[in-house]
Amino acid sequence: MATIPEVPASALLPTMPRIGMGTAAFPFTSSEETTAALLRAIELGYRHFDTARLYATEGCVGEAVAEAARRGLVASRADVFVTSKLWCSDLHAGRVVPAARETLRNLGMDYVDLLLVHWPATVAPGSYDFPFPKEEMAPSFDMEGVWRGMEECHRLGLARAIGVSNFSDKKLEQLLSFAVVRPAANQVEMNPMWQQRKLREVCRREGVQLCGYSPLGAKGTPWGSAAVMDSGVLHDIAQTKGKTLAQICLRWMYEQGDVLLVKTYNENRMKENLDIFDWELTEEERDKISKLPQQRGLTGMQFVCDNGPYKCVEDLWDGA
């Protein structure tokens, strides 16, 4: 069983394993196969699972962790780090705490280790569809009202830490300007073809842990791109090192200090994704990766509409 390095505990964040298992598979659904794959991941050494109300996998994560405890694979639920996210239909000031409680009911847990605002956007309450009808977009996002609800979740012990997802550097700085409980993490698209340099600067300066999803570009998903998997530079580095392209990407992210969120239910790839800790990229290889042309995979076009706060992609990402 692999031992995964951890981000040390801080005033904002409990100890957090540096590799987490993602559970977003489109179309979003839950199944016994998902639960079984997560249980196998625990057997292999994974101790960090990323879910969300939207993904319909909170129940699968909860069942896998409970079964792992019953089998003695972990001593208790406390041995597993669980992240979940509140969907946009619950990002109304008065709905945040009830939505967090519903997430805990789905998980069968008393708390999550990290609770995130899924997107800086609000849609009509009660819907967990994606894509959602654009007419359901609210004209504005009450960032402060929503964050006060997140802070209440923290105060009540529903979440040991709170944070955000898909926040640009400017939106993160706006949040930091009024937050009483500071965001512990920002989860965003991250890979060698979208390195998030400006956001990384802000996160390092402010002590916000950067967590990266789509480390391989999420090729084949509605939010993904083939740019990473088709990169000749990354293929050449992988061949020279005797590693897979996936391992090169994950090792690069690990060396940046990020938390990596991987998504596979294939056992061989689960093992492969953990085999990144006992070797390093060379300076030359890092330099080649640093010069890769940058291309955002996830544009967020779903959130762009005339009746919402974001009239164009640049509005959503603040030009970053």
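In which hand does H1 pass H2? I find a right-handed crossing; the term applies if the near helix is turned clockwise from the far one by less than a right angle, and left-handed if anticlockwise.

**Ground rules.** I am working on a predicted model, where local features need pLDDT of at least 70, side-chain atom pairs count only at pLDDT 80 or more, and totals for chains, interfaces and linings use all residues. Residues are numbered from 1 along each chain as its sequence is written, and side-chain values use heavy atoms, with hydrogens and water left out.

**Entry: H1 and H2.** I looked up helix H1 (residues 32-44) and helix H2 (residues 58-71). Helices (H or I, at least four residues) and strands (E, at least two) are DSSP runs numbered from the N terminus. The two helices pack at about 45°, with axes 8 Å apart. Axes are lines fitted to C-alpha atoms, for helices over the stretch in contact, and angles run from 0 to 180 degrees between N-to-C directions. H1 and H2 are therefore oblique to each other; under 35 degrees counts as roughly parallel, over 145 as roughly antiparallel, 65 to 115 as roughly perpendicular, and the rest as oblique. Contact means heavy atoms within 4.5 Å. On the H1 side I noted Thr34, Thr35, Leu38, Leu39, Ile42 and Glu43. Their H2 partners include Val61, Ala64, Glu67 and Arg71. The contact residues divide into eight nonpolar, two polar and four charged. Here Ala, Val, Leu, Ile, Met, Phe, Trp, Tyr, Cys and Pro are nonpolar, Asp, Glu, Lys and Arg are charged, and the others, Gly among them, are polar.

**Entry: H5 and H6.** The axes of helix H5 (residues 169-176) and helix H6 (residues 197-206) come within 9 Å and cross at roughly 25°. That makes H5 roughly parallel to H6. H5 brings Asp169, Leu172, Glu173 and Leu176 to the contact, and H6 residues include Lys198 and Arg205. I count five nonpolar, no polar and five charged residues there.

**Entry: H7 and H8.** For helix H7 (residues 232-241) and helix H8 (residues 245-256), the axes come within 8 Å and cross at roughly 100°. H7 and H8 are therefore roughly perpendicular. Leu245, Ile248 and Cys249 of H8 meet H7 residues, among them Leu234 and Lys241.

**Entry: voids.** I used a 1 Å grid over the protein atoms alone: a cavity is a set of points where a 1.4 Å probe fits but cannot get out, a pocket is an open set with protein on both sides within 12 Å along at least five of seven lines, and lining residues have an atom within 4 Å of a point. Grid points are joined across faces, edges and corners, and a volume is the space filled by probe spheres set on the points. The largest pocket has about 1100 Å³. Its lining counts 47 residues, with Ala24, Ser214, Ala218, Thr221 and Trp223 nearest the centre. H9 (267-274) gives the most to this lining, three residues. The structure holds one cavity of 30 Å³ or more. H4 (residues 143-155) gives the most to the lining of the largest cavity, with three residues. That lining is eight nonpolar, no polar and no charged.

**Entry: backbone.** Phenylalanine 130 and proline 131 are joined by a cis peptide bond, omega about 0°. Serine 214 has a positive phi, near 55°. Serine 214 sits in the loop between strand S9 (209-213) and H7.
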